[in-house]
Amino acid sequence: MEQPPNVGYSWTIIVNWLNENCPGDLASLQGPASDEGLIAIERALREPLPADQQAWWRLADGTDEYGPAVWLIPAGWTPLSTRDALIRYNVMQNFIADEPELSRLSAEPAGSPSSGVWLPEWLPIAHNLGGDYLFLDLRSGPRNGCVGRHRKDEWNYDRPIWPSVTAMLSDVADALVNGTEIERRHAEIVDGRLDWLLQR
């Protein structure tokens, strides 16, 4: 019977693949996040983290800001640690919408589009070293915890890329092991490190 997607199962597949194919990337991932780091984020958010993101951080606390990036998520996203996610969350509060637009957008359900603003309910979880982020949309509604993409040169959020962190990691695990594509990209080993190349 096929195992249903869950963070622990997908992460085990990812770690095993990295260990066999890209041990340098595996070594660049940090160990489990501390309780203090998780509590600090939840205090800033004023709400609990989604269970799957918390589970992921308890398995691996992203990558070191000053160490090698690991392009774990296509195309070109390296996971943030709890420390760096909180730093970026606080920085992005400088770009939140003004009232009454802020109240209107924050009241819309998670996954609803927006343009030109950052919302306090968005938590960065990965970055590309260039000021762009994958973030969790923590507004209320059935899609709470979906994964969106923010690009600094666009500031448009049309729709989630993944419905959850669980789905994202499941897709990555499947792409690594079975060669499936994500956004027309497939996993390749380039100079001993994981990369995601466009399918031609």
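Colleague: Which backbone oxygen lies 2.8 Å from a polar atom of the side chain of T63?

Modeller: Before that, a word on the basis: this is a predicted model with residues numbered from 1 along each chain as its sequence is written, and side-chain values use heavy atoms, leaving out hydrogens and water. Local features need pLDDT of at least 70 and side-chain atom pairs count only at pLDDT 80 or more, while totals for chains, interfaces and linings use all residues. T63 sits in the loop between helix 4 and strand 1 (78–79), where helices (H or I, at least four residues) and strands (E, at least two) are DSSP runs numbered from the N terminus. The backbone oxygen at 2.8 Å from its side chain belongs to P79.

Colleague: Is T63 buried or exposed?

Modeller: Buried means under 20% relative accessible area, exposed over 50%, and partly exposed in between (1.4 Å probe, protein chains only). T63 touches residues including S28, P68, T78 and D84, leaving aside those up to four places away in sequence; touching means heavy atoms within 4.5 Å. With a relative accessibility of 4%, T63 counts as buried.

Colleague: Which residues of helix 4 make the contact with helix 1?

Modeller: On the helix 1 side, the contact uses V7, G8 and W11. The residues of this contact divide into five nonpolar, one polar and one charged, with Ala, Val, Leu, Ile, Met, Phe, Trp, Tyr, Cys and Pro as nonpolar, Asp, Glu, Lys and Arg as charged, and the others, Gly among them, as polar. From helix 4 come D52, A55, W56 and L59.

Colleague: And how are helix 3 and helix 4 arranged?

Modeller: Their axes are 10 Å apart, and the packing angle is about 150°. Helix 3 and helix 4 are therefore roughly antiparallel.

Colleague: Which residues of helix 4 meet helix 3?

Modeller: Helix 3 brings D35, L38, I41 and E42 to this contact. By class, the contact has three nonpolar, one polar and three charged residues. The helix 4 partners are Q54, W57 and R58.

Colleague: Which strands do the buried residues of helix 5 pack against?

Modeller: Helix 5 runs over residues 82–92, and its buried residues are T82, D84, A85, L86, R88, Y89 and M92. They pack against helix 3 (35–45) and helix 4. The strands they pack against are strand 3 (122–127), strand 4 (133–137) and strand 5 (146–150).

Colleague: How far is A40 from L86, C-alpha to C-alpha?

Modeller: A40 is in helix 3 and is partly exposed, at 24% relative accessible area. In sequence A40 and L86 are 46 residues apart, but in space their C-alpha distance is 7.8 Å.

Colleague: Last one: which side chain does D174 join in a polar contact?

Modeller: D174 is in helix 7 (residues 165–178) and is partly exposed at 31%. A polar contact is a pair of N or O atoms within 3.5 Å; within protein, one must be able to donate a hydrogen and the other to accept it, and residues adjacent in sequence count only if both atoms are side-chain atoms. At 2.4 Å, the side chain joined to that of D174 is N178.

Definitions and conventions: Axes fitted to C-alpha atoms, helices over the stretch in contact; angles between N-to-C directions. Parallel < 35°, antiparallel > 145°, perpendicular 65-115°, else oblique.
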